[in-house]
Amino acid sequence: MIEGLLSLVYPQVCGVCGRVLVEGEEVMCVGCRVLLPLTRFEERPEWNGLTEKLMTLRAPVERTAAYFYYQRQSPYSHLIHRMKYNHLPNIGRKLMREYARTLSERGFFEGIDAVAPVPLSLTKHVMRGYNQSYYLARGVSDEVPIPIIDALKAGRHGTQTRLGASERLANARGIYSARPGGLEGVRHLLLIDDIVTTGATLCACLEAIHQAAPDVKLSVLALASTRLQ
Ligand SMILES: [Zn+2]
């Protein structure tokens, strides 16, 4: 009821085009939803545009998937922007929940016994107030009963934006480490990220886990991914 009353004052709007949503629409309007640039990576979870970004990875990976393609300036980038910077992490949680439904029907989660979000550095976490990838992990666990664990910690973030691909990876490798004891009892971990661009962050996180616990199988799920160049 509270949600109903709130919607009178603050009507829910489409996260893409900003149009007021009607009953039955969630996160985005029907028009934007039919044009959502789906990756369909889940049709080939062992080899797709995301696994190709992990070519330099020094660890085996089982399955990968991402919901839609991300492109700067595209109207769909508003979804990501709102989720990350406008204090609307539940946009990501809802989107991930609906994608998890599709993935679940395809058996993507089979054998996976824990999900872990890519962590934010303490500075970023304090400034933003939340880790958007944690909300994405919650979206998964809303749909399938897999616990969320805190498997990784992030050290100091240098800025990545002005670095080339190999420098980015070297830089990222120094940032993430596995939490001692954080992977106890885990056999197959699903790492959750928001957007995959170069794949450097994912590689660094997966390698940190693989180093700490080489027997743990690894899979990756992202909300969005840029297209391969
Ligand atoms: Zn719309």
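Contact here means heavy atoms within 4.5 Å. A few notes on the structure follow.

1. Ground rules. This is a predicted model, where local features need pLDDT of at least 70, side-chain atom pairs count only at pLDDT 80 or more, and totals for chains, interfaces and linings use all residues. Residues are numbered from 1 along each chain as its sequence is written, and side-chain values use heavy atoms, with hydrogens and water left out.

2. K53, a lysine in a loop. K53 sits in the loop between α2 and β1; helices (H or I, at least four residues) and strands (E, at least two) are DSSP runs, numbered from the N terminus. (Buried is under 20% relative accessible area, exposed is over 50%, and partly exposed is in between, with a 1.4 Å probe and protein chains only.) Setting aside neighbours within four places in sequence, K53 is in contact with V196, T197, T198, G199, C203, S225, T226 and L228. With T226 there is a side-chain to side-chain polar contact of 2.7 Å. (A polar contact is a pair of N or O atoms within 3.5 Å; within protein, one must be able to donate a hydrogen and the other to accept it, and residues adjacent in sequence count only if both atoms are side-chain atoms.) For scale, K53 and D194 are 141 residues apart in sequence and 15 Å apart in space, C-alpha to C-alpha.

3. K84, another lysine to look at. K84 belongs to helix α3 and is buried, with a relative accessible area of 14%. Beyond residues up to four places away in sequence, K84 touches R128, Y130, Q132, D194 and I195.

4. H188 and its surroundings. H188 is in strand β5, which covers residues 188-196. The histidine is buried, with a relative accessible area of 4%. Not counting residues up to four places away in sequence, its contacts are E62, R63, E110, G111, I112, D113, A114, V216, K217, L218 and S219. The side chains of H188 and S219 are joined by a polar contact of 2.8 Å.

5. K217, on the list for H188. K217 is part of strand β6, residues 217-225, and at 43% relative accessibility it counts as partly exposed. With residues up to four places away in sequence left out, K217 touches E62, R187, H188 and L189. K217 and E62 are 155 residues apart in sequence, yet their C-alpha atoms are 6.9 Å apart in space.

6. E184. This glutamate is in the loop between β4 and β5 and counts as exposed at 68% relative accessibility. Its C-alpha is separated by 9.7 Å from that of V216, 32 residues apart along the chain.

7. How α7 and α8 pack. Two packed helices are described by the angle between their axes and the distance between the axes. For α7 (residues 165-173) and α8 (residues 200-212), the axes come within 8 Å and cross at roughly 35 degrees. (Axes are lines fitted to C-alpha atoms, for helices over the stretch in contact, and angles run from 0 to 180 degrees between N-to-C directions.) The crossing of α7 and α8 is right-handed, meaning that the near helix is turned clockwise from the far one by less than a right angle. On the α7 side the contact uses R168, L169, A172 and R173, and on the α8 side A200, T201, C203, A204 and E207. These residues divide into 5 nonpolar, 1 polar and 3 charged. (Ala, Val, Leu, Ile, Met, Phe, Trp, Tyr, Cys and Pro count as nonpolar, Asp, Glu, Lys and Arg as charged, and the others, Gly among them, as polar.)

8. The two faces of α7. Which residues of α7 are buried? They are R168, L169 and A172. These cover an arc of only 95 degrees around the axis, so they lie on the same side of α7; the arc is that of the directions from the helix axis to the C-beta atoms. Their cover includes β4 (176-178) and α8. The face turned away from the buried side carries the exposed residues S166 and A170.

9. Two backbone spots to check by eye. Most residues other than glycine have a negative phi. R40, not a glycine, has a positive phi of about 60 degrees; it lies in the loop between α2 (30-34) and β1 (64-69) and is partly exposed at 47% relative accessibility. H87, also not a glycine, has a positive phi of about 60 degrees. H87 lies in the loop between α3 (77-85) and α4 (89-105) and counts as exposed, at 56% relative accessibility.
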